[in-house]
Amino acid sequence: MNISRGMAIGYALIASVGLMSFPGLSFASDQMTAKEILQQNCVQCHRLEGKADSRFNLKAPDLIWAGSKYKRPWLISWLTGKEAPLYAKRYRWDLAEVPFKHPVVKESEANAIADYFAEHNKDPRVKVGAFDLSKVTKFEADFGAMAFKAHACLGCHTINEDGKVIGGPQSTALHASGQRYDQDWLFRFGLNPQDFVPHSGEFLADATEPQLRAVIGYLMTQGVNDFKYYEPWTSPEFGMASVSRGKVLYKEYCSQCHGATGKGDGPAASGLDPKPAIHANIPFEKLPMEYLYNVINHGGPAIGKSPNMPYWGLTIGQQGVADVIAYLKATFKGVPDGVKAAPTSGMPAKAAVIAAPVAVAAAATETSSGGGQSDACVQLRKTAKAPDSFLAMTNPLAASAEVIQAGKTLFQKSAKPAACAMCHGEKGDGKGIMGAALVPPPRNFTCNVMMKNIPDGQLFWIIKNGSSGTGMMSFAGLSDDKVWQLIQYIRSLAR
Ligand code: HEC
Ligand code: HEC
Ligand code: HEC
Ligand code: HEC
């Protein structure tokens, strides 16, 4: 369990005050049965039975379904006074109450109470196993985080994002949900909150069941630092993937855009902007499986790219996704280093053909600089111009060693949905393993003549929003600070 320093101090306070205000409790004899403890110390505030009722008629959250709602370690921890308050503005925020300290019991009493709940307060509406925690993918949880915001959940509940607690503290805190809730209870609650908390200011979201599952999956990761995500590409379907089945699928479902031989020239391609990726130029073996799986199973927007790249999961199923990936890996190996992104007069014929559209774009500017490899650094920028408010921005972070190092880590490894180096290259020269598949090609950050004329605010805007009509995806999920770190790193590459 991971708790922040601020919360730890909070616990200590509650625990000591709690003990002082309920001296009788801590002296309660171990012999005292859980039932007696509950009758004497809990029912004046909590209901243990009855029908769901409005928060405005209650003194404390209902414990009617307490045997299904909590993870046992959390319940023990709560009852022994080691947890932070759940309702920052108090459960009955409508009543002017003095700050409230929850009663505390001894560990043995807490265990007895947990046993009692498990025996007497199970909720028959909750189906055990309804939510399979071991199948939550990183993509699903990220999607759940988005849906949580899109459906106003953040308006009334707090969550933890990048180490910060955010959201409206009107209702219960959800930033340690993964430690606190039983997933099957949480899922049942989500199906119809009014079965539990009617007329309480609660909210019924218009979400499909897959969306609800994504939100629940996301909540179950809150407060759990080492959450073990499911990786679909480790499933049996991938173990028995077939290249020959994949080949058939490619013809049936991919070639109309990506072309029969992966050159990006299928019949639909002429009307698409950005163009379908040139698979023939991608060394698929080197791409992270997470990226490949997400773009094919969940579609372009799943990785910040064009919605014209469909989500194939429903159409071809998991076996189909596994098969077509096996086919991509067996068939397309990319082009040799050095001839990819910067077409020159001396390049081998094979690469010249594959990179033809790139050559056309690049030639337009290269004629002025002679067109040789050493001069080929300036690229034709058709990139949209950022709004003036962005162009006026300057990098608030100094080019310190730490800032540049942080930017480097994001660029080379950790940025999601994809590390920048995958396209822009480890050296930042635009020759990443995917660079040759993209028209127009990725920006060459080493080219000082070109880069020095592009303002910080322009770089910031493109990284946040992507460059529409190109392979440059949106990194909307990166905080402003991280984007500025990246920009300092990009600037350090120019020569
Ligand atoms: C003086 C009223 C009061 C008493 C007595 C009391 N509680 Fe509570 N309890 C509350 C309030 C209010 C909350 C909401 C806590 C918050 O705001 O952080 C709460 C929260 C809880 C929760 C978490 C509920 C949830 O799901 O949000 C549990 C479990 C709980 N109490 C159990 C007990 C038990 C067991 C006892 C008896 C040993 C007890 N409480 C005694 C008022 C009380
Ligand atoms: C308008 C405010 C509001 C919005 C929006 C809202 N909630 Fe709630 N939520 C509440 C209230 C009020 C309750 C029940 C009363 C309480 O706080 O105990 C509640 C209860 C819950 C609970 C059960 C808490 C517990 O421990 O008993 C969960 C889980 C929850 N909401 C999740 C969500 C999710 C997910 C969304 C978005 C789809 C959402 N809420 C949107 C106000 C809101
Ligand atoms: C309707 C047209 C269309 C079809 C059909 C299609 N794609 Fe795509 N695909 C695209 C477009 C457009 C892009 C480029 C998206 C971008 O760069 O924003 C793309 C990109 C990709 C990429 C990502 C490359 C990158 O730039 O990161 C992969 C991998 C891919 N497609 C695989 C497939 C597979 C496998 C199939 C068949 C199962 C398929 N596509 C079918 C249009 C299509
Ligand atoms: C899937 C490939 C891909 C990935 C991954 C990628 N880029 Fe790009 N990027 C491109 C392409 C293609 C262009 C050229 C777009 C254009 O011409 O407008 C580009 C252009 C840019 C530009 C140029 C903006 C301008 O105004 O000229 C910046 C800045 C940039 N990328 C930053 C990044 C950063 C930072 C990352 C990682 C967080 C990243 N890119 C990841 C493909 C990618």
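I count two residues as in contact when their C-beta atoms, placed from the backbone, lie within 7 Å. On that basis, 67% of the protein's contacts with a separation of 6 or more join residues 24 or more positions apart.

**Ground rules.** This is a predicted model, where local features need pLDDT of at least 70, side-chain atom pairs count only at pLDDT 80 or more, and totals for chains, interfaces and linings use all residues. Residues are numbered from 1 along each chain as its sequence is written, with chains lettered from A and ligands numbered from 1 in the order in which they are written.

**Overview.** I looked up the secondary structure and got 22 helices and two strands; these are DSSP runs, H or I over at least four residues for helices and E over at least two for strands, numbered from the N terminus. Of the 495 residues, 37% count as buried. Buried here means 20 or more other C-beta atoms within 10 Å of a residue's own, exposed means 12 or fewer, and partly exposed is in between, again with C-beta atoms placed from the backbone.

**Ligand 3.** I find 24 residues around ligand 3, and C254, C257, K305, S306 and M309 come nearest. The elements giving two or more residues to this shell are α12 (243-258) and α13 (289-298). α12 has the largest share, five residues. A residue makes the shell if its C-beta atom, placed from the backbone, lies within 6 Å of the molecule. By class I get 17 nonpolar, six polar and one charged. For the classes, Ala, Val, Leu, Ile, Met, Phe, Trp, Tyr, Cys and Pro are nonpolar, Asp, Glu, Lys and Arg are charged, and the others, Gly among them, are polar. Domain 3 (234-331) and domain 4 (383-493) each supply at least three residues; the bounds come from an automatic or database domain assignment.

**Ligand 2.** This one has 21 residues around it, the closest being C153, C156, S171, V197 and F203. I sort them into 11 nonpolar, eight polar and two charged.

**Helix α14.** The expected span is 1.5 Å times one less than the number of residues. Where is the kink in α14 centred? On Q319, with a kink of about 75 degrees, taken as the angle between axes fitted to the seven residues ending there and the seven starting there. Buried residues of α14 include I316, G320, V321 and A322, and the buried set packs against α11 (236-239), α12 and α13.

**Helix α7.** For α7 (residues 138-150), I get 13 residues and 18 Å from first C-alpha to last, close to the 18 Å expected. Among its buried residues are F139, E140, F143 and F148. Their cover includes β1 (158-161), α10 (209-221) and α13. A152 follows α7 and has a positive phi, near 70 degrees.

**Two single residues.** Is G178 buried or exposed? It is buried, because 23 other C-beta atoms lie within 10 Å. G178 sits in α8 (residues 177-180), and its C-alpha is 6.2 Å from that of L219, 41 residues apart along the chain. A269 lies in the loop between α12 and α13. A269 is partly exposed, as 17 other C-beta atoms lie within 10 Å. Leaving aside neighbours within four places in sequence, A269 contacts C257, G259, G264, K275 and P276.
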